[in-house]
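Let's take a friendly walk through this model, one part at a time. Have the sequence and the 3D view open side by side as you read.

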Amino acid sequence: MIAISGLTKRYGDVLAVDDMSLDVPQGSVCGLLGRNGAGKTTAFKCLLGFAKPDAGEVRFDGAPLEPQTFAHLGYVPERPELYRWLTVAQHIEFARHSQPAFDAARAQELVGLFRLNERKKASKLSKGQQTALALILALVHRPRILILDEPASGLDPVMQRVVLDLLVDAATNGSTILISSHQIGQIDRAADRVAIMRDGKVVIAGVIDDLREASRVVEATFANDVPELSGIDPAIRIERIGTSVRAHANSNADAVAARFGALGAVGVRVMDRSLEDLFLDAVDDGGNR
Amino acid sequence: MEYVQILRARRILTWYTGFLVVGLVIEAISFYAGRGKNVQDGSLEFSMLAGGAVIAALIIATLTASGLSAEASHTTALIWTRPAERDVIAARFVAVDVAAIALGYVIMLVAMVLGIAIIGGLPLVEFDGARTAREVLLGLGGAMMWYAVISVAASRLPGRGPLLAGLSWGLFPILAGLVFAHNFPVWLHDVIYALNYLNPMAWMGGMTPQRDMSIIPLDVWPRIFGEWAIAIVLLVASVRLWSTREA
């Protein structure tokens with residue numbers, strides 16, 4: 001489990017991470033979404049001890065970060081950090097020397113899965129292959145906790161699918177995974193939870209299905225003008241478009257749909273919102289959509 | 001943990017040894033091709049060889065000193081996610097480098113002895129244990145100090161290690177030479193003199209144990225002690241600075 005509480009990081013006048021709190025339960029895949037500069041990478045740096053937070057606490061499986069935490073934690077940075085002059089095999093050897101829980105069979109399995117040539121130097125690998133090698137190094141000790149910053153960047157669609165399947169498998173086997181990505185489809189496919197950051201703050205966090213359930217939209221079409229919408233909770237946001245209305249009904253969607261029917265709507269439909277809709281709403285600053 | 005640094009040091013020493021072997025082969029070919037003549041007169045103190053071989057230690061020190069800086073620049077995510085204290089990781093890196101410097105020194109000394117043997121001069125070499133020990137400790141202390149100064153200067157400058165290492169070959173001799181310039185204001189001369197306490201060339205004194213050849217006005221044993229003490233203090237500082245920086 002990853003428990004983040006009140007994490008704050010400031011660089012001069014810039015509040016990069018602002019009172020971030022987030023729990024990722026064991027066996028869960030949590031997608032961390034946000035626009036560029038939202039604070040995701042800085043949050044990861046604070047989690048891993050690369051940067052010192054100004055406030056807040058991070059606990060992994062109930063314990064604060066200490067060197068031994070990395071015996072069961074894997075990390076993939078935003079840009080693959082590799083020794084350009086070492087071969088793939090030497091990188092694997094580095095992991096064998098530096099990770100007590102190194103699993104040689106797992107390493108060979110992953111090298112085969114990503115079809116890497118072990119004799120190739122890191123500098124000769126494509127961007128996608130470098131990402132694959134970084135993933136292998138993060139996975140060779142079968143970590144209980146995985147933190148991945150854009151893990152599928154540079155990978156072709158087939159390899160992206162392989163990576164996501166690896167993550168889902170790891171979570172099924174009890175690993176806790178925190179993953180950031182700009183590709184919402186990847187998060188939608190692999191994650192069961194999501195946290196959306198904006199200006200350093202977590203503005204939405206929760207189980208993806210619950211968030212979708214709680215943010216349904218009811219669309220109704222009337223034959224003529226839209227009548228006065230009596231009997232509908234005034235707190236519900238209503239958009240009028242010609243003879244149609246859209247109500248952001250959240251958890252009251254069924255009741256609102258029934259009310260629209262009673263008001264004479266000729267067509268009513270209740271729509272689940274996509275993760276992308278949720279994301280765009282959460283990061284919308286009113287001027288960029 | 002230090003696997004990569006061992007590979008780095010091995011690569012440097014392999015190239016270095018390769019150049020020395022090529023040099024010895026050229027010497028042997030030219031000598032045995034008939035142009036050479038066996039050395040039969042005079043004597044050669046082994047301590048002079050020991051002092052001369054320090055150049056190898058200085059070269060290896062310069063080439064390895066940027067290791068921690070390189071780690072900070074490109075591979076923090078790898079090296080800081082190992083299950084070990086960062087101080088320990090850095091200290092083991094430094095230990096590998098120190099061993100490489102000493103090994104580079106020994107390789108050079110062996111190459112020099114072989115070079116003399118090729119021309120038949122080995123019987124002329126005279127060995128003075130005490131004098132040789134002083135030369136070895138003074139020279140290696142200077143190399144360690146050289147390594148430590150670069151290491152501490154680069155510890156918070158990710159990726160700048162090689163630049164600082166290169167600059168050191170210009171900066172240290174100039175700094176030592178400026179002590180003998182007498183047309184500076186007194187205060188500037190004092191500043192230059194004070195800075196030379198961090199200049200390994202000033203402590204080594206032209207790689208000779210003679211007091212009158214050294215900028216630092218101490219006898220040889222206090223100079224040896226001073227060099228090693230400064231090197232150790234700066235190495236501890238560089239390890240701490242590297243370990244406690246933010247990525």
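Two strands are said to pair if DSSP finds at least two bridges between them. Helices (H or I, at least four residues) and strands (E, at least two) are DSSP runs, numbered from the N terminus. This is a predicted model, in which local features need pLDDT of at least 70, side-chain atom pairs count only at pLDDT 80 or more, and totals for chains, interfaces and linings use all residues. Residues are numbered from 1 along each chain as its sequence is written, while chains are lettered from A and ligands numbered from 1 in the order in which they are written.

**Chain A and its strands**

Chain A holds 9 helices and 14 strands. Its C-alpha atoms fill a box of roughly 75 × 40 × 35 Å along the principal axes. Of its 289 residues, 41% are buried, where buried means that 20 or more other C-beta atoms lie within 10 Å of the residue's own, exposed means 12 or fewer, and partly exposed is in between, with C-beta atoms placed from the backbone. Take the contacts in chain A between residues at least 6 apart in sequence: 72% of them join residues at least 24 apart. A contact here is a pair of residues whose C-beta atoms, placed from the backbone, lie within 7 Å.

| Strand pair | Bridges | Facing residues |
|---|---|---|
| β1 (2-11) and β4 (55-60), chain A | 5 bridges | S5(A) and E57(A) |
| β4(A) and β5 (63-64), chain A | 2 bridges | R59(A) and P64(A) |
| β11 (217-221) and β13 (244-248), chain A | 5 bridges | A220(A) and V245(A) |

β4(A) and β5(A) form a hairpin with 2 residues between the strands, and D61(A) takes a positive phi near 50° there.

Further along chain A, an open sheet of 4 strands runs in the order β12-β13-β11-β14, with antiparallel pairing. β12 (237-241) and β14 (267-271) of chain A each have a single partner strand, so one side of each lacks a neighbour in the sheet. Direction ignored, neighbouring strands of this sheet are turned by 15° against each other on average.

**A helix pair in chain B**

How do α7 and α8 of chain B pack? Helix α7 (residues 129-154) and helix α8 (residues 161-178) of chain B meet at an angle of about 140°, with their axes 9 Å apart. Axes are lines fitted to C-alpha atoms, for helices over the stretch in contact, and angles run from 0 to 180 degrees between N-to-C directions. W146(B), I150(B), A153(B) and A154(B) in α7(B) meet G161(B), L164(B), A165(B) and S168(B) in α8(B).

Helix α7 of chain B also contains V152(B), which counts as buried because it has 23 C-beta neighbours inside 10 Å. Beyond its neighbours within four places in sequence, V152(B) touches L234(B), A237(B), S238(B) and L241(B). From V152(B) to N199(B) is 47 residues in sequence and 13 Å in space, C-alpha to C-alpha.

**Where the chains meet**

Finally, 17 residues of chain B are in contact with 20 residues of chain A. On the chain B side, α1 (3-35) and α5 (76-79) are the elements that give two or more residues.

Definitions and conventions: Contact = placed C-beta atoms within 7 Å.
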